[in-house]
Amino acid sequence: SRLCPPPLRARTRRRGRAMPPASTLPRRTPPGLMLLVLGVCAAAPGLHASEPITPTRLCAIMNRGGSSGIPAFAAPFAASSGPLAQPRVVARGPLAGARQRGGHVSGLSRRSGVHAAGGRGARMARMVLDKSEVQRDVRVEYATMEQTVGKTPLVRLVRMDPEGEKRGNVILCKLEGNNPAGSVKDRPALNMIVAAEQRGDIKPGDTLIEATSGNTGIALAMAAAIRGYKLILIMPENMTEERRATMRVYGAELVSVPKTGGMEMARDLAMQMEKEGKGMVLNQFGNFDNPDAHFASTGPEIWNDTNGRVTHFVSSMGTTGTIMGVSRYLKSKNPDVQVCGVTPEEGSSIPGIRRWPEAYLPTIFEKARVDRTIEVNQKDAEEFSRRLAREEGIFCGISSGGTVSAAIRLSQEVENATIVTIVCDRGDRYLSTGVF
């Protein structure tokens with residue numbers, strides 16, 4: 001008697017199903033109950049006009065409806081179980097003790113007025129009648145910024161390698177510019193800070209120091225902002241203004257060194273500042289949290305996205321964190337995967353790709369993990385960056401142009417190969433260079 005007014009009898013038929021006219025419902029009928037009655041009757045096959053709609057009858061109808069027993073209009077109460085970027089429904093308050101079964105919130109409130117013996121139908125009646133209570137007791141959790149790092153697209157080149165296609169080859173580009181700070185460096189930057197926190201080396205509020213040519217600095221600036229750190233970045237004075245402006249936006253302090261000193265001078269200054277107690281150097285060149293980030297994320301993504309068909313991996317070599325981590329993972333799955341590192345020709349200056357002097361070679365670099373080195377010149381790197389934008393719609397940086405040119409060159413030498421290359425960043429941070 002607490003659920004329904006005096007028994008109602010269906011007076012009309014619609015598509016062979018009984019439907020009680022809305023006019024027969026008393027004015028005191030709660031709107032939620034009207035929705036429940038009309039929805040169940042419309043969805044219930046075999047309901048005869050002579051059958052009274054009572055609470056017991058209502059619950060029985062709902063319990064036999066469909067494989068899940070839950071009518072379509074109850075779907076908004078279902079808990080989300082999708083990927084990370086989708087909201088997740090978590091019960092709290094009076095519903096905290098309720099079970100979550102089959103993706104739907106279950107459990108009864110003391111205020112519902114519905115006995116547990118009513119089964120699933122009773123539970124659904126409670127959910128409609130006490131919709132406002134459910135809304136108060138359910139919290140929706142969304143992804144944070146750091147949870148959006150990774151899972152970047154892997155796309156096929158369509159127009160730039162026709163000769164390779166004739167040989168049965170496919171070139172796939174992993175678009176790391178789709179990371180939140182715009183480059184492949186988002187992965188190691190976040191991992192270096194989080195891992196250092198977990199070891200107890202740093203804590204929010206501390207000052208971090210890093211020498212960078214651009215992308216790592218931007219990624220660290222974002223990660224430091226997310227995790228609550230101060231950041232000092234040291235870089236050569238010839239780095240683009242777009243990069244510098246982006247770092248400042250994230251709150252980083254910038255220190256420039258002369259162009260002639262390059263990254264070597266920047267690295268030396270960073271270590272000196274650490275000795276003076278001005279902060280802690282993360283040291284992307286010698287920090288194994290750098291390649292570990294790619295072993296844990298980039299490598300598995302490539303393997304899974306190609307269904308294990310990858311035969312060649314081509315990557316530029318700067319800090320060498322990407323090629324070290326991905327090589328370690330791919331070769332653990334298939335030792336026959338060929339790993340090719342890209343370096344600039346003597347005299348070429350390509351942002352993000354280096355020919356390190358022996359004394360400054362990154363300590364994370366293990367030569368045995370690279371099967372072959374391919375040299376590219378600055379002219380080709382810039383030309384292929386422009387071609388990628390105009391022919392494939394991929395707007396990327398100059399190092400990525402060099403890497404794709406190396407991948408296409410490799411495609412002329414092999415057959416039936418699946419070649420994966422890294423597109424490190426976006427082209428918008430190179431507009432002031434005049435390359436485009």
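In this predicted model, the side chains of S297 and R187 are joined by a polar contact of 3.0 Å. S297 sits in helix 10, which runs over residues 289-305. Is S297 buried or exposed? With a relative accessibility of 19%, S297 counts as buried, because the cut-off for that label is under 20%.

Together with K174, E176 and E301, R187 belongs to a network of salt bridges. Side chains of opposite charge can pair when their charged atoms come close.

## Salt bridges

How many salt bridges does a search of the whole structure find? The search turns up 22.

| Pair | N to O distance |
|---|---|
| R227 and E197 | 2.6 Å |
| K203 and D206 | 3.4 Å |
| E366 and R369 | 3.4 Å |

R227 is partly exposed, given its relative accessibility of 23%.

The other two pairs in the table also have members whose accessibility can be stated. K203, the partner of D206, counts as exposed because its relative accessibility is 53%. In the pair of E366 and R369, E366 is partly exposed at 35%, and R369 is likewise partly exposed, at 24%.

## A buried glutamine in a loop

Q284 is worth a look on your screen. Its place is the loop between strand 14 (280-281) and helix 10. Even so, Q284 has a relative accessible area of 2% and is therefore buried. Which side chain does the side chain of Q284 meet in a polar contact? The partner is T216, at 2.8 Å.

What else surrounds Q284? Leaving out residues up to four places away in sequence, Q284 touches K185, M192, E210, A211, T212, T216, N290, T319 and I364.

## Helix 8 and its cover

Helix 8 spans residues 241-249, and R243, R244 and M247 are buried there. These three cover an arc of only 100° around the axis, so they lie on the same side of helix 8. Just past the end of helix 8, G251 adopts a positive phi of about 100°.

In soluble globular proteins, nonpolar side chains tend to be buried together. Here the largest nonpolar core holds 29 residues, and the members that touch the most others are L157, V314, L388, I394 and I419. Which elements each supply at least two residues of this core? They are strand 10 (170-175), strand 16 (338-344), strand 17 (372-376), helix 12 (378-392), helix 13 (398-411) and strand 18 (418-423). Helix 13 contributes the most, with six residues.

Setting aside neighbours within four places in sequence, L157 is in contact with E165, I171, C173, L388, E392, I394 and V404. Two of these contacts, L388 and I394, are themselves listed among the members that touch the most others in the core.

There is also a second, separate core of 25 residues, with I218, A219, A224 and M235 among its members.

## Contacts across the chain

Helix 5 (residues 162-166) contains E163, which counts as partly exposed because its relative accessibility is 42%. What separation do the C-alpha atoms of E163 and I408 have? They are 9.2 Å apart, although the two residues are 245 residues apart along the chain.

The whole chain can be described in the same terms. Among contacts between residues at least 6 apart in sequence, 70% join residues at least 24 apart. The protein chain has 13 helices and 18 strands. Of its 436 residues, 49% are buried. The accessible surface comes to about 20,800 Å², and carbon and sulfur atoms account for 50% of that area.

Conventions: Residues numbered from 1 in each chain as written. Predicted model: local features only at pLDDT ≥ 70, side-chain atom pairs only at ≥ 80, totals over all residues. Heavy atoms only, no water. Buried < 20%, exposed > 50% of the residue type's maximum accessible area, 1.4 Å probe, protein only. Helix = DSSP H or I, 4+ residues; strand = E, 2+ residues; numbered from the N terminus. Arc of directions from axis to C-beta. Polar contact = N/O pair within 3.5 Å; in protein donor to acceptor, adjacent residues only side chain to side chain. Salt bridge = Lys/Arg side-chain N within 4 Å of Asp/Glu carboxyl O. Core = buried A, V, L, I, M, F, W, Y, C linked by side-chain atoms within 4.5 Å. Contact = heavy atoms within 4.5 Å. Areas by Shrake-Rupley, 256 points an atom, 1.4 Å probe, with all protein chains shown as cover.
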